[in-house]
Amino acid sequence: MRAKITYFVTAAVLVFYFVLVGSRGLMLIRHGTLITVTFGVAVLILPVIGVWFLWKNTQFVRRANALAAELDAEGGLPVDDLARTPSGRIDRDAADAVFTQRREETEDAPDDWRTWFRLAVAYQDARDTPRARKAMQRAIALHQSSPSGV
């Protein structure tokens, strides 16, 4: 729940920023000189890119959460029982051991979105966020291409 609140607060702050930057860009364009119009258009591009980025990330999170809910309903969601350091972080050796197992499962069933989902969780536990995101994108793509997610 804390992650959702953080995400929505961050998104709200970004939207406020986009509106603020967009209004400044329009003010520059209204000024009417060649330089201010050029800067105004350049400034307006930033909120457009930001809104697109926020939209794509929101779609990704919604789809990943839907897969998590479906996998949980099937009883296949990975259990978080990894050893932790005193500060609460996942122990790297424990994460690496689970990662090896998840990678082998994915190699055995490369067309199953469930194995890719669990591999993404293992990557995240091993603190490899870029690969975790790619594995989750693969899981989402496989789920969407399979008939009724099966």
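**Reading the helices and their contacts**

Modeller: Start with a loop. Arginine 127 sits in the loop between α4 and α5 (129-145). Helices (H or I, at least four residues) and strands (E, at least two) are DSSP runs, numbered from the N terminus. This is a predicted model: local features need pLDDT of at least 70, side-chain atom pairs count only at pLDDT 80 or more, and totals for chains, interfaces and linings use all residues. Residues are numbered from 1 along each chain as its sequence is written, and side-chain values use heavy atoms, with hydrogens and water left out.

Biologist: What is the phi of arginine 127?

Modeller: General idea: most residues other than glycine have a negative phi. Now the case here. Arginine 127 is not a glycine, yet its phi is positive, about 65°.

Biologist: Which class does glutamate 107 fall into?

Modeller: Glutamate 107 lies in helix α3. Its relative accessible area is 54%, so it is exposed. Look also at serine 87. It is 20 residues from glutamate 107 in sequence, and their C-alpha atoms are 33 Å apart.

Biologist: Now helix pairs. How do I read the angle between α3 and α4?

Modeller: Axes are lines fitted to C-alpha atoms, for helices over the stretch in contact, and angles run from 0 to 180 degrees between N-to-C directions. Then classify: under 35 degrees is roughly parallel, over 145 roughly antiparallel, 65 to 115 roughly perpendicular, and the rest oblique. Here, helix α3 (residues 92-108) and α4 cross at roughly 160°, and their axes come within 9 Å. So α3 is roughly antiparallel to α4.

Biologist: Is the crossing of α3 and α4 left-handed or right-handed?

Modeller: A crossing is left-handed if the near helix is turned anticlockwise from the far one by less than a right angle, and right-handed if clockwise. α3 and α4 make a left-handed crossing.

Biologist: Which residues meet between α3 and α4?

Modeller: Contact means heavy atoms within 4.5 Å. On the α3 side, the residues include Phe99, Arg102 and Glu105. On the α4 side, they include Thr115, Leu119 and Tyr123. By class, this contact has six nonpolar, two polar and five charged residues. Ala, Val, Leu, Ile, Met, Phe, Trp, Tyr, Cys and Pro count as nonpolar, Asp, Glu, Lys and Arg as charged, and the others, Gly among them, as polar.

Biologist: Zoom in on threonine 115. What does it contact?

Modeller: Threonine 115 is part of helix α4 (residues 113-125). Leave aside neighbours within four places in sequence: threonine 115 is in contact with Glu105, Thr106 and Ala109. Its relative accessible area is 6%, so threonine 115 is buried. Its side chain also reaches the backbone oxygen of alanine 109 at 3.1 Å.

Biologist: How does α2 pack against α4?

Modeller: Helix α2 (residues 34-74) meets α4 at an angle of about 110°, with the axes 11 Å apart. So α2 is roughly perpendicular to α4. The crossing is left-handed. Among the residues that meet are Leu67 and Leu71 in α2, and Trp113 and Phe117 in α4.

Biologist: And how do α1 and α2 lie?

Modeller: The axes of helix α1 (residues 2-31) and α2 come within 7 Å and cross at roughly 160°. The two are therefore roughly antiparallel. Their contact has 17 nonpolar, eight polar and no charged residues.

Biologist: Which residues does tyrosine 7 touch?

Modeller: Tyrosine 7 is in helix α1. Not counting residues up to four places away in sequence, tyrosine 7 touches Leu54, Asn57 and Thr58. The side chains of tyrosine 7 and threonine 58 are joined by a polar contact of 2.6 Å. A polar contact is a pair of N or O atoms within 3.5 Å; within protein, one must be able to donate a hydrogen and the other to accept it, and residues adjacent in sequence count only if both atoms are side-chain atoms.

Definitions and conventions
Buried means under 20% relative accessible area, exposed over 50%, partly exposed in between (1.4 Å probe, protein chains only).
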